[in-house]
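Please read these comments with the coordinates open.

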Amino acid sequence: MSTVTLSNVRRLYGATAALDDVSLTAPEGRVLALLGPSGSGKSTIMRLIAGLEPLDAGEVRIGDDLVSTPHRTIPAEARRIGMVFQDYALFPHLSAGANVAFGLDKLGRAERDARALAWLDRVGLKHRAHAFPHELSGGEQQRVALARALAPAPRAVLLDEPFSGLDPVLRAELRDATLATLAEARTTTLFVTHDAEDALQAADRLAILKAGHVLQEAPPREAYDKPASLDAAAALGPINRFDGRVENGVVATPFGAIAAPHLAQGVEASVAVRAEAIALRPGHAVRVRDVRPHGAHDLVRVEAQGLVWRALVPARATLGERVDIEIAPTGAFAFAR
Ligand code: ADP
């Protein structure tokens, strides 16, 4: 297993930069999630690491090996990188066992079959070794693809939205099982997702991307608690935004004052308040405009002075009632505009 490092990477498609000055590190044996909306550059990063594309500036390293520079791209087959993409891409005419054995062609027949079976066992599919891909469910195919990627002992594994085609319950189960397998094998993993929940729950580190830039790279807890910018805060869940001015160390909003001790008096600031940082209390300062079930929570719209914010609250709120709100300081952030 190896650390994967991108340093100041730029990738152009014509005149547009799909990636611009991207630096990030996937630490050895850990899971780095690449989180960002469609078009933010996640798949381009995967293709660069896989060796499927050249880059225009910067470099990619796998361990100590310099594998991509603007002048040289080590070919994909020489990089020893495992890949699991959304559409699985199993060989349809090969059994599950033969799919996993495929990348083990340097071993003798007996050892190859034994290793393939051992990997199928680790993903819970030993009993399906003779089944063909069309006889397997989507989740099973995905597990075979994972076993196939891991069997040759790659230096890192790339997962590109591998769970997005699956139903939500199976998806969470498979995500957790997959990451448990990867953690057990101490595999360096890069995991692409546009789902904040997936990234927060599955990763050791997050790289939050937007329009070809890394907004923040940090462990999930730190990214959630100390977002580097308004956009980075918004990437990890619903936020309420308010633009104002710093007076006496706070930004006053219709819902209360947000601390901004790091900003100078008079600075134009934007505040972000996480929906889940707002609690409803008995009172009458704000009106409940809308209540929607959101799993075990309610997503509530509250209004004060004509401004509407969203709150994610455990209690059952009542439409039309008047309440006070309380903002947890740990979920409220002020940034200079
Ligand atoms: P993501 O995986 O986050 O959805 P991508 O890495 O696929 O984003 O794309 C990043 C940007 O690069 C997008 O603006 C996309 O349109 C552009 N792009 C990706 N691949 C190509 C390509 N082969 N030719 C031209 N533009 C591309």
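The numbered points below go from the whole chain to single contacts.

1. Basis. This is a predicted model, in which local features need pLDDT of at least 70 and side-chain atom pairs count only at pLDDT 80 or more, while totals for chains, interfaces and linings use all residues. Residues are numbered from 1 along each chain as its sequence is written, and side-chain values use heavy atoms, with hydrogens and water left out.

2. Overall chain. The protein chain holds eight helices and 20 strands; these are DSSP runs numbered from the N terminus, helices being H or I of at least four residues and strands E of at least two. Along the principal axes, its C-alpha atoms fill a box of roughly 75 × 45 × 30 Å. Of the 337 residues, 47% are buried, meaning under 20% relative accessible area with a 1.4 Å probe and protein chains only.

3. Ligand shell. The residues around the ligand (a heavy atom within 4 Å) are Y13, A18, P37, S38, G39, S40, G41, K42, S43, T44 and R47. They divide into three nonpolar, six polar and two charged, with Gly counted as polar, Tyr, Ala and Pro as nonpolar, and Lys and Arg as charged. Helix α1 (residues 42–50) contributes the most, with four residues.

4. Polar contacts here are pairs of N or O atoms within 3.5 Å. A polar side-chain atom of K42 is 2.8 Å from a ligand oxygen, and a polar backbone atom of S40 lies 3.1 Å from an oxygen of the ligand. R47 places a side-chain N or O atom 3.4 Å from a ligand nitrogen. On its own the ligand has 560 Å² of accessible area, of which the protein covers 56%, by the Shrake-Rupley method with a 1.4 Å probe.

5. Loop residue T188. This residue sits in the loop between α5 (168–184) and β9 (189–193). T188 is buried, at a relative accessible area of 0%. Its side chain reaches the backbone oxygen of S2 at 2.7 Å.

6. Four-stranded sheet. An open, antiparallel sheet runs in the order β18-β17-β16-β19, where pairing requires at least two DSSP bridges between two strands. β18 (307–313) and β19 (322–327) are at the edges with a single partner strand each, so one side of each has no neighbour in the sheet. From one strand to the next the twist averages 55°, taken between N-to-C directions of lines fitted to C-alpha atoms, on a scale of 0 to 180 degrees. β17 (residues 297–304) pairs with β18 over seven bridges; D298 has V313 of β18 as its bridge partner.

How values were computed. Polar contact = N/O pair within 3.5 Å; in protein donor to acceptor, adjacent residues only side chain to side chain. Buried < 20%, exposed > 50% of the residue type's maximum accessible area, 1.4 Å probe, protein only.
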